[in-house]
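These are my notebook entries on one protein chain. I record what I looked up, entry by entry, beginning with a loop.

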Amino acid sequence: MSKEVKVPVLPESVEDAVISAWHKKPGDSVNRDENLVDLETDKVVLEVPAPIEGVLKEIKAAEGETVTSGQVLAVLEEAGKKGEKDEAEPETQEAPAGDAEKEKENEGSKDAKEEIDKEPEEAEQEPEEKDNQKDKARSSLSPSARRLAEEERVDPDKIPGSGRGGRVTKSDVLQFLKGAGSRTEERVKMTRLRSRIAERLKEAQNTAAILTSFNEVDLKAVMEMRRKHQDEFTEKHGIKLGFMSFFVKACCHALRKYPIVNASIEDDEIVYHGYQDIGIAVSTERGLMVPILRNAETMGLAETERAIREYAAKAREGKMALEDLQGGTFTITNGGVFGSLISTPLINPPQSAILGMHNIKERPVVADGEITIRPMMYIALSYDHRIIDGREAVLFLVAIKEALEDPARLLLGI
């Protein structure tokens with residue numbers, strides 16, 4: 001019995017998807033609930049599991065094709081059904097006695113034909129043998145050589161191996177890259193997610209009047225608090241106390257003081273949100289994702305850290321759900337993890353502002369009339385000047401600065 005594999009029902013905000021990768025090919029055995037194919041939408045990658053155990057009989061839509069809800073992707077043949085037809089077929093009957101003499105006469109010519117066909121048949125097997133040799137060469141890469149070849153996008157079949165039994169070593173890959181030069185080009189089609197990111201960022205630039213204001217924060221108080229309470233915090237909550245939870249709390253504190261920064265534009269109206277759904281930008285291999293901490297103003301430091309860790313794990317594993325990414329009233333992005341000293345982040349529409357965190361650097365500053373070394377961070381607020389004036393933007397950054405330099409403000413609500 002055959003079973004069709006269809007595109008699952010996509011959310012209302014998603015019209016279609018692109019087939020990112022097939023994990024099976026026709027003729028392969030599949031287990032029930034095993035992932036058959038990845039579908040890439042504007043925001044996430046969806047996995048389509050096998051509804052039954054069996055064999056992949058036919059693929060109806062190839063990689064790169066655009067598909068919609070309910071469209072047939074493939075056909076599975078249920079396990080144990082494939083051989084039933086063969087068992088039902090009648091056995092081959094013996095030739096009639098009258099044909100025996102005729103078969104004997106043709107026997108000599110048949111043998112001769114087999115001799116003639118033998119050499120071409122052997123020649124036809126050579127490509128298959130070559131493919132086997134390629135598979136063998138591909139599997140003979142050392143782990144370091146394989147990793148380097150993948151990073152440099154080099155075909156391992158083209159690299160001569162100098163190791164035992166033709167094994168390709170890391171030095172072989174380096175030598176190949178050195179001889180190949182640096183003028184190679186490769187054209188790779190943008191993924192659906194990357195294309196959507198580009199579209200949204202360009203839309204933000206074309207629609208909003210974006211301006212960026214800067215300030216700097218002395219993180220000595222936060223670092224001392226983390227150092228003093230880290231062990232006790234980790235033992236009680238099962239997670240380390242990081243910097244991001246402090247910034248989330250500081251942003252919620254500042255958003256309450258300046259609600260226009262938490263607002264958005266819809267047609268000719270300004271929508272003020274009575275809640276703070278904070279987006280945390282997460283970089284993945286597929287592109288930037290922004291999962292949402294809903295009602296972040298009600299979350300404690302431990303709850304915030306735990307939610308961020310869970311989102312980061314889901315992003316790395318490609319298991320981020322659409323509902324994790326929808327909504328949001330304000331976004332925080334941390335370029336400091338990559339070493340960025342200062343930047344001008346782009347707004348995530350329809351939000352009106354985004355905070356950029358950066359690398360922490362020890363710098364000489366004047367404190368209490370003396371020059372001292374402090375852990376300093378530049379922070380940046382990009383905002384939509386159509387509804388947020390420079391005054392609110394600057395005061396918002398000052399509120400964040402004050403909250404982080406004196407964390408007691410977060411507890412006292414001042």
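Entry 1: I looked up D368 and found it in the loop between β18 (361-367) and β19 (370-384). Helices (H or I, at least four residues) and strands (E, at least two) are DSSP runs, numbered from the N terminus. The model is predicted, so I noted its limits: local features need pLDDT of at least 70, side-chain atom pairs count only at pLDDT 80 or more, and totals for chains, interfaces and linings use all residues. Residues are numbered from 1 along each chain as its sequence is written, and side-chain values use heavy atoms, with hydrogens and water left out.

D368 is not a glycine, yet its phi is positive, at about 55°. Is D368 buried or exposed? D368 has a relative accessible area of 81% and is therefore exposed; buried means under 20% relative accessible area, exposed over 50%, and partly exposed in between (1.4 Å probe, protein chains only).

I then turned to R153, in the loop between α3 (143-151) and α4 (170-180). R153 also is not a glycine and has a positive phi of about 55°. Its relative accessibility is 59%, so R153 counts as exposed.

**Entry 2: strand β18.** I looked up E362, which belongs to strand β18. E362 counts as exposed because its relative accessible area is 65%. Which residues does E362 touch, leaving aside its neighbours within four places in sequence? E362 is in contact with I373, R374 and P375, where contact means heavy atoms within 4.5 Å. E362 and I373 are 11 residues apart along the chain, and 6.1 Å separates their C-alpha atoms.

**Entry 3: a cis bond.** I checked the peptide bond from P349 to P350 and found it cis, with omega near 5°. P350 is in the loop between β16 (330-334) and β17 (353-357).

**Entry 4: cysteines.** How many disulfides are there, counting pairs of cysteine sulfur atoms within 2.5 Å? The count is zero. C251 is in no disulfide, and the nearest cysteine sulfur, that of C252, is 7.1 Å away. I noted that C251 has 0% relative accessibility and so counts as buried. C252 counts as buried because its relative accessibility is 1%.

**Entry 5: helix α7.** Helix α7 (residues 244-257) has 14 residues. From its first C-alpha to its last, α7 reaches 20 Å, close to the 20 Å expected at 1.5 Å a residue; the expected span is 1.5 Å times one less than the number of residues. The helix is mostly covered, with 12 of its 14 residues buried. Among the buried residues of α7 are M244, F247, K249, C251, C252 and H253.

**Entry 6: helix α8.** I compared the span of helix α8 (residues 301-316) with expectation: its 16 residues should span 22 Å at 1.5 Å a residue, and its end C-alpha atoms are 23 Å apart, which agrees. Which residues of α8 are buried? They are A302, T304, E305, A307, I308, Y311 and A315. The cover over these buried residues includes α6 (220-237), α7 and α9 (322-325). G318 follows α8 and has a positive phi, near 70°.

**Entry 7: nonpolar cores.** A nonpolar core is a set of buried Ala, Val, Leu, Ile, Met, Phe, Trp, Tyr and Cys residues joined through side-chain atoms within 4.5 Å. The largest has 75 residues, and L73 and F330 have the most contacts inside it. Helix α7 supplies the largest share of this core, nine residues. Another core, of eight residues, lies apart from it and includes L141, L148, A149 and V154.

**Entry 8: charges over rings.** I looked for charges over rings (NZ of Lys or CZ of Arg within 6 Å of the ring centre and within 35 degrees of the ring normal). The charged end of R226 sits over the ring of F243, 4.3 Å from its centre. R363 lies over the face of Y378, at 4.2 Å from the ring centre.

**Entry 9: the whole chain.** I recorded 11 helices and 19 strands. Of the 414 residues of the chain, 36% count as buried.

Methods:
Disulfide = S-S within 2.5 Å.
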